[in-house]
Amino acid sequence: MRELRRILLSMSSFLFIGGEYPQREFFMAEYRRGDFIACADSGLETALAWKLKPNLVVGDMDSLSDSRLLEGIPGERIVKLERDKDDTDTEYALKLLWQEGQRNVCLVGGGGGRLDHLLALAALFERDIRPDMWLSSGELVICLDASDGEAVFGLKKDDTVSVFPLGADTLGMESQGLAWSLEGLSFPRGGYGISNKSLGPEIRLRTLSGRALIILPYPLRFHSRRESGQRLL
């Protein structure tokens, strides 16, 4: 685990989970050599199919189509869980990544399937231990707060943009490039703004108070957080 901690502190993490995925070519545009690849249960199948070498595999492995998929992975990289447990495989993997110092985790997959699984993934963003982003088959979900500065997204005209508040604090935001500006609006818990539209070719968002969950079409033309200087991850 000491070696795992050293690796985690030096890179971003992608956590592959079950469900529908973005096209491989879109994901590979975000991936950088050295990024940490974690897999929760059947997420391993997609990571291997995409020729990625998992640094960590977590789960009870009940969703794997073939247990032999684990044979090529060093035993110290596998965390086998009991089938009956309080946390899902994704929750456990996320907690392990955070325990080892990683705060920049992107979920990959998770679309389609059971509604309760989808809602459980969305609920993870409400927590203190949470993902930073989520790439599904056709959407990017991103968590933004005031520390992120201005986030800039390259979108086409009429692309859909939806905003949901996270946590108990009232959400306040600034925006440019949206058909219906977010300036001066406040979103209490349970409120939301769905089906807003991009005016193109980009939108700019800044969170003033609270924390926001932003849902955008994927892939993007570009994305940046100007004050923090991050790439998509």
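I started at Ser175, which sits in strand β10, residues 171–176. Strands here are DSSP runs (E, at least two residues), and helices are runs of H or I with at least four, numbered from the N terminus. The model is predicted: local features need pLDDT of at least 70, side-chain atom pairs count only at pLDDT 80 or more, and totals for chains, interfaces and linings use all residues. Residues are numbered from 1 along each chain as its sequence is written, and side-chain values use heavy atoms, without hydrogens and water.

Is Ser175 buried or exposed? Ser175 is buried, at 7% relative accessibility. The cut-offs are under 20% relative accessible area for buried, over 50% for exposed and partly exposed in between (1.4 Å probe, protein chains only). I then checked its contacts (heavy atoms within 4.5 Å). Leaving out residues up to four places away in sequence, Ser175 touches Ser181, Leu182, Glu183, Arg204 and Leu205. A polar side-chain atom of Ser175 lies 2.9 Å from the backbone nitrogen of Leu182.

Next, the nonpolar cores. I took a core as buried Ala, Val, Leu, Ile, Met, Phe, Trp, Tyr and Cys residues joined through side-chain atoms within 4.5 Å. The largest has 39 residues, and Leu205 and Phe27 are among those with the most contacts inside it. A second, separate core has 24 residues, including Val58 and Leu96.

Last, the backbone. I found a cis peptide bond between Gly200 and Pro201, with omega about 0°. Pro201 is in the loop between β12 (193–197) and β13 (202–209). Asp41 is not a glycine, yet its phi is positive, about 50°. Asp41 lies in the loop between β2 (36–40) and α3 (43–49), and is buried at 3% relative accessible area.

Key
Polar contact = N/O pair within 3.5 Å; in protein donor to acceptor, adjacent residues only side chain to side chain.
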